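Here's a friendly walk through one structure, starting at a ligand and ending with some helix pairs. Have a look at it first, then read on.

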Amino acid sequence: MLYREAGDFKTTYAKDQALIPIRQDRVMLYIAIALALLLPFVASDYFLGSIAIPVLIMVIAATGLNLLLGYCGQISLGSGAFMAAGAYMAYKCATAFPWLPMPVSIILAGLATAMIGIAFGLPAVRIKGFYLAVATLAAQFFLLWLFTHVPWFVNYTMSGVPTPPPATVLGVYVTGADAPNWAKYLFVLSFTAFLTWIAYNLVRSRIGRSWMAIRDMDIAAELIGIRPLWTKLTAFAISSFYCGVAGALWSFCFINTVEPTAFDINRSFQILFMVIIGGLGSILGSYFGAIFITLFPIFLNSAPAWLGLDIPGDIITHLEFMIFGAMIVFFLIVEPNGLARLWQLGKEKLRLWPFPH
Amino acid sequence: MEFLSDFFVAPIMEMVDAPEFLAEVIIAGLMSGVMYSLVGLGFVLIFKASGIFNFAQGVMVLFAALNFVGLMDSGVHPIIAFIATVVIMTVLAMAIERVVLRRLVNQNQLILFMSTIGIAFFLEGFGELIWGGNVRPLDIGIPDDVVFIANGTILIQEADLFAGATAALLVTILALGFRYTAVGRALRAVADDHQAALSIGIPLNNIWVIVWAVAGFVALVAGIMWGTKLGVQFSISIVALKALPVLILGGFTSIPGAIIGGLIIGAGEKVAEVYWGSLFGGAIEEWFAYIVALLFLLFRPQGLFGEKIIDRV
Amino acid sequence: MAENLLTVENITLRFGGVKALTDVSFDILKGEIRAIIGPNGAGKSSMLNCINGFYHPQEGRITYKGQTRKQMRPYEAASQGIARTFQNIALFRGMSVLDNVMTGRVLKMKSSLLEQAFYFGRARSEEISHRSKVEEVIDFLEINAIRKTPVGRLPYGLQKRVELARALAAEPELLLLDEPMAGMNVEEKEDMSRFILNVNAEFGTTIALIEHDMGVVMDLSDRVVVLNYGEKLADGTPDVVRSNQAVIDAYLGASH
Ligand SMILES: Nc1ncnc2c1ncn2[C@@H]1O[C@H](COP(=O)(O)OP(=O)(O)OP(=O)(O)O)[C@@H](O)[C@H]1O
Ligand SMILES: [Mg+2]
């Protein structure tokens, strides 16, 4: 009986509604936080810079899309473009107001992206389901075109791909070429942790229930008094906010350039896959999805070498496409709640362990 | 002020000054429009018969073209290659029905839609794994001369004429098939009312296979034409995505809608690019179709030809 | 004499060429249980949909709590105290029973988005105070044991009960029930009848009820309105309606 929820009785509604009602889960969370904080001391610079940072950033983007798609049931194929919007807005903010603390610039970029998200989410008022895919594809193609064809967005930089300005937090560089990976990691981590907490709060509040109501049965939701317009647009706004912040961090703390190719349509699909494989409607799932989708290609690229096989890179890429595609179909058929659900089932097994059934 | 005149006046003046050039632009646009129409046609077929919005239609175009050109490059006669690819697309339809659709009956549309995104990725990887990811030129002997019409003032590619004629032929065959064959009648019954179709004993699974196979055939035709123009390459599946805005315009259930929508979008984006593109820094073709679709979604979501549906509870 | 809660006058509703309702008028008194009956396709559900603003009748007037309008709007109806259940269960399948019932209280919650994001202030206090209200409803309908179960996994009869709970959580003044007992066995019907009577007696909720089971209608309702092919056929106490010749003909004529 390693994991148990029986016996952990709640005596008040407040306790029952706590963020993490089960004690063992809370313990697990503390361990995870401790590990995350210890990571810079034990992990290699490569691991921090090339794996931990991108994974944490993609967690933010995937959480954003999950709020929209997994909770509110509105699809978006434009998450990549919203990340781009965040990156360019942060660049504009940080260069126009250099005295602003970097976290503020990034939050402002997120807010600007939220506005853009609302604009492209407007059609959701009258349409449903896959129609939205087209509206958000419009965002994908139009926004990327806009950022590449209007030089104002890059402050008329000749090359068109400017470098984010260096900035410090508490005296340590967190962006720019001089920023050490551990500092960038902690900077990103604080955003990820904060936004995860916000996401959990939202989904257990009225707005979260309204999103799910719209997702599950929009007509009934409307007749109960949930306003579809307001509810869907908040989902678009908040989701875009998350993507915007993620995009800003991606440019500022990971690739160290502001360029459109990092945010093309493949990025949008990548985020979508994180949400589906990680688990629709599960914030923890966004973590699983981001980790899996980021690490799996790395694994796939190095696995043949371990086995002493020599498989050319393009074949690996084709295989990756096939495997991701097949996994999407598999999870949608077998387990739309994705890896998060498998994790939960695993925990339930553990609860009964060592007694079968 | 100057911008306003650049936007409203100058392009119109240009058009009036050189109507032959305008005609050429429109004709070139219509020809890409034919391609969008063909992809859109595949979408509509599947959507009508199974309510599935098949995101993989664009990749099916690429997949079919890859198989066709791959076989031809290995020395197979074009006609044999064509037949073999039709067989492959039919087998693919059966596999999709068996592995995916059958297991997702009664799921909501969004889940079905996302599963077709999975299919798209799988197919793309699969096709390129077998045939490689390089651009493959495709030459099936379509004449590539130009002809002049209207007293030699307007110039047209013969290949474009050929493509237009083939598309028209294909649509005619499909329309006749729908009307006069038993399968076609069954398809129409399903499209009108799933419940009714079931109750007169049409096996739905077979219908799905048939329509996915027909959509595969349409994809092959589209793929061959596109391939002769651009070479067979990955970007085909991205270009094919433009069929989505076409469907917003034409309506998801209307075959004539898909055709007309495709032509409008094709001609519209060419004209916009040629006459207004430079005003915005060029390459507005990339998003023109999508923004038009976005406006439609906002103001007339049922498209040009669709009708309003009122939800029930 | 009880006062009028709702009056519909000369309602006509068309879908394209189909006339779902033709010139229908009736009223609902405060505190009564009003049954709406009629053969399949008579326009009963459409009538409820007009009352809570989901359908917009082309002609006629609706007077609710003294205010007269041509059409209701869903949000307005809900915020003015009209709640309902649906003929085909319309629960939020991915959510637990508790969350489903909590959605019934959206209109009573006032916390801002920011408070919810940080889960402080009203967001926190409301979650707790409304939870206790919701628990009362859950107790009342005897669904305590399943409160954390996703509704999709519940048997049909219980789902209908959860739907009623969600409607009751809104503390409605007018409760519209669209075939609350369809597809239930005798025991479940008895339970549901008991709940409906209790709601009416304890909270004084006015109820409009669509039901095909004549026995239930006769037992529960104070007054009955009969629709047939979208037109009003009869209106009155159960006894009066039962002995009305036109009603008898309609029911014998219809394939029942
Ligand atoms: N959204 C709609 N679109 C088109 N026609 C509709 C719609 N809703 C109802 N109708 C039509 O209006 C008529 C009345 O339907 P309604 O559902 O109100 O009947 P009902 O009395 O509730 O029947 P039942 O006992 O079967 O529930 C029917 O002919 C129906 O087909
Ligand atoms: Mg009804």
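## Contacts with the ligand

Let's start with C:Lys44: one of its backbone N or O atoms sits 2.8 Å from an oxygen atom of ligand 1. Keep in mind that we're looking at a predicted model here. Two side chains join in as well. C:Gln87 places a polar side-chain atom 2.7 Å from an oxygen atom of ligand 1, while C:Tyr55 has a polar side-chain atom 3.0 Å from a nitrogen atom of the ligand.

How much of ligand 1 does the protein bury? On its own, ligand 1 would expose 630 Å², and the protein buries 78% of that.

## Who else is around it

Where does ligand 1 lie? You'll find it between chains B and C. There are 16 residues around ligand 1, and the ones that come nearest are C:Gly41, C:Lys44, C:Ser45, C:Ser46 and C:Gln87. Sorted by class, the shell holds seven polar, five nonpolar and four charged residues.

Which helix gives the most to this shell? That's helix H1 of chain C, spanning residues 44-51, which supplies three residues.

## A helix pair inside chain A

Helix H3 (residues 45-71) of chain A packs against helix H12 (residues 283-306) of chain A at an angle of about 130 degrees, and their axes are 8 Å apart. Because of that angle, H3(A) counts as oblique to H12(A). As for handedness, H3(A) and H12(A) make a right-handed crossing.

Next come pairs with one helix from each of two chains. Helix H11 of chain A (residues 265-278) meets helix H5 of chain B (residues 109-131) at about 120 degrees, with 12 Å between their axes. That angle is why H11(A) is oblique to H5(B). Is the crossing of H11(A) and H5(B) left-handed or right-handed? H11(A) passes H5(B) in a left-handed crossing.

Another pair joins helix H6 (residues 131-149) of chain A with helix H13 (residues 285-299) of chain B. These two pack at an angle of about 140 degrees, and their axes lie 8 Å apart. Angles over 145 degrees would count as roughly antiparallel, so H6(A) is oblique to H13(B). The crossing of H6(A) and H13(B) is left-handed.

Conventions: Residues are numbered from 1 along each chain as its sequence is written. Chains are lettered from A and ligands numbered from 1 in the order in which they are written. This is a predicted model: local features need pLDDT of at least 70, side-chain atom pairs count only at pLDDT 80 or more; totals for chains, interfaces and linings use all residues. Side-chain values use heavy atoms; hydrogens and water are left out. A residue is near a molecule or strand if one of its heavy atoms lies within 4 Å of it. A polar contact is a pair of N or O atoms within 3.5 Å; within protein, one must be able to donate a hydrogen and the other to accept it, and residues adjacent in sequence count only if both atoms are side-chain atoms. Accessible areas come from the Shrake-Rupley method with a 1.4 Å probe; for residues, only the protein chains shown count as cover. Helices (H or I, at least four residues) and strands (E, at least two) are DSSP runs, numbered from the N terminus. Ala, Val, Leu, Ile, Met, Phe, Trp, Tyr, Cys and Pro count as nonpolar, Asp, Glu, Lys and Arg as charged, and the others, Gly among them, as polar. Axes are lines fitted to C-alpha atoms, for helices over the stretch in contact, and angles run from 0 to 180 degrees between N-to-C directions. Angles under 35 degrees count as roughly parallel, over 145 as roughly antiparallel, 65 to 115 as roughly perpendicular and the rest as oblique. A crossing is left-handed if the near helix is turned anticlockwise from the far one by less than a right angle, and right-handed if clockwise.
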